[in-house]
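Look at the fold as a whole before turning to the spaces inside it. The paragraphs below take these topics in that order.

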Amino acid sequence: MTDIAELFRRDPLDLTDDDIEKIVEHYRKARAAFNLTSKPTRKTKPKVEVDPNAASVLKDLGL
Amino acid sequence: MTEHINTEIGQIAWDSTSLGAFLTCPEYYHLRIIEGWQTPTESVHLRFGQHYATALEHYYKHRAEGDDDLTATVKVVREALIATWEYGYRTPEDATAKRNPLPGTGYPWVSGHTTKTRENLIRTIIWYLDQFGDNDPCEVVTLADGSPAVELSFRFEIDAGLLWCGHLDRLVRYGDDSYVMDQKTTGSTIGPYWFDQWKTEGQFLGYALAGQVVFDTPVRGVIVDGAQIAVGFSRFERGFINFTEAQLNEWADEAVEWMRTAQQAYRDQQWLRNRKSCNNYGGCPFRSVCATDPRHRRQFLKADFVRRPVWNPLETR
């Protein structure tokens, strides 16, 4: 069982300020980690450029 | 009957909960607000939302009293942990008021919900304060008596013989404007569509009007801080909802008309059913009662529901 899980299972009237600061620190770190990984990904250019003119020629040819 | 209901006239002190109940369905209002029937189990969404809003209110109160960010955060996390521990109590009165919990008794609250859990409540409080606590561009308004504008219970006469009551989390200043600030939690992704639902919400129009009338502050509207509660994260979005003077007056006129209509229904003891509301928001809790033969409804109520003290808008927090 992790320290945090153990703190959550204890009667909160028995928790010291240090115990609660550990909970705060744990979740602040978790948020920082979440923000690092949840940044929206930048749109990248497609690896192959599609030439719309070429596409319409192919369509006209029935290909 | 309590003081907010006159036995001759009907309800005379109103808030957004009781007015919203009547607008949802007169029979729902009758059973829930006038008679006090409830399901035996409490709503996890209501409890989660109340603990969350209380924590943020208290944080700003502690800050206004001089605590730094960490001290205030530790205080509200402790309060939330205690509030979500199912303690034993010495007397039934203490149990009802949740005061003087017996140390060494009880167990943690088990919500039975996938995301609105005790741990996620604490995470959401800490993450919100991490994002906005020390970095919020909104400043809490200081009232004329020097006190911070947090945890504000209000009541005023909205029309002859009718009181409008409620509770504001806090009044804030953003730039040159004042706003009522409110917190909402959801399981959904928060975007423009989510904020649109609040633009015609009577609760918010009533808050904005109260801010102007009771606290003598020109209130531009309501700032809604939406919290998306997910399994592995909580995400926050802020929306500004502005109201014009004409919109507030229009809402007040309509609200008064609805209150008078409800009083008439009370005097006539004629509670119509709005059957279009039966299946909204997961279904009305009284749907099973209304679905039975009218002769058997009271038996169904007594079997499946409990009567709690009726909702009283005059109770301050």
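This is a predicted model: local features need pLDDT of at least 70, side-chain atom pairs count only at pLDDT 80 or more; totals for chains, interfaces and linings use all residues.

Residues are numbered from 1 along each chain as its sequence is written, and chains are lettered from A in the order in which they are written.

Chain B contains 11 helices and 13 strands, where helices (H or I, at least four residues) and strands (E, at least two) are DSSP runs numbered from the N terminus. The C-alpha atoms of chain B fill a box of roughly 60 × 50 × 40 Å along the principal axes. Of the 317 residues in chain B, 49% are buried, meaning under 20% relative accessible area with a 1.4 Å probe and protein chains only.

A search of the whole structure finds 1 cavity of 30 Å³ or more. A cavity is a set of points on a 1 Å grid over the protein atoms alone where a 1.4 Å probe fits but cannot get out; a pocket is an open set with protein on both sides within 12 Å along at least five of seven lines; lining residues have an atom within 4 Å of a point. The largest cavity holds about 90 Å³, and its lining includes Cys25(B), Tyr28(B) and Arg273(B).

The second largest pocket has a volume of about 190 Å³. Among the residues lining this pocket are Tyr60(B), Asp134(B) and Val140(B). Helix 3 of chain B gives the most to that lining, with 3 residues.

Notes:
Side-chain values use heavy atoms; hydrogens and water are left out. Grid points are joined across faces, edges and corners, and a volume is the space filled by probe spheres set on the points. Buried means under 20% relative accessible area, exposed over 50%, partly exposed in between (1.4 Å probe, protein chains only).
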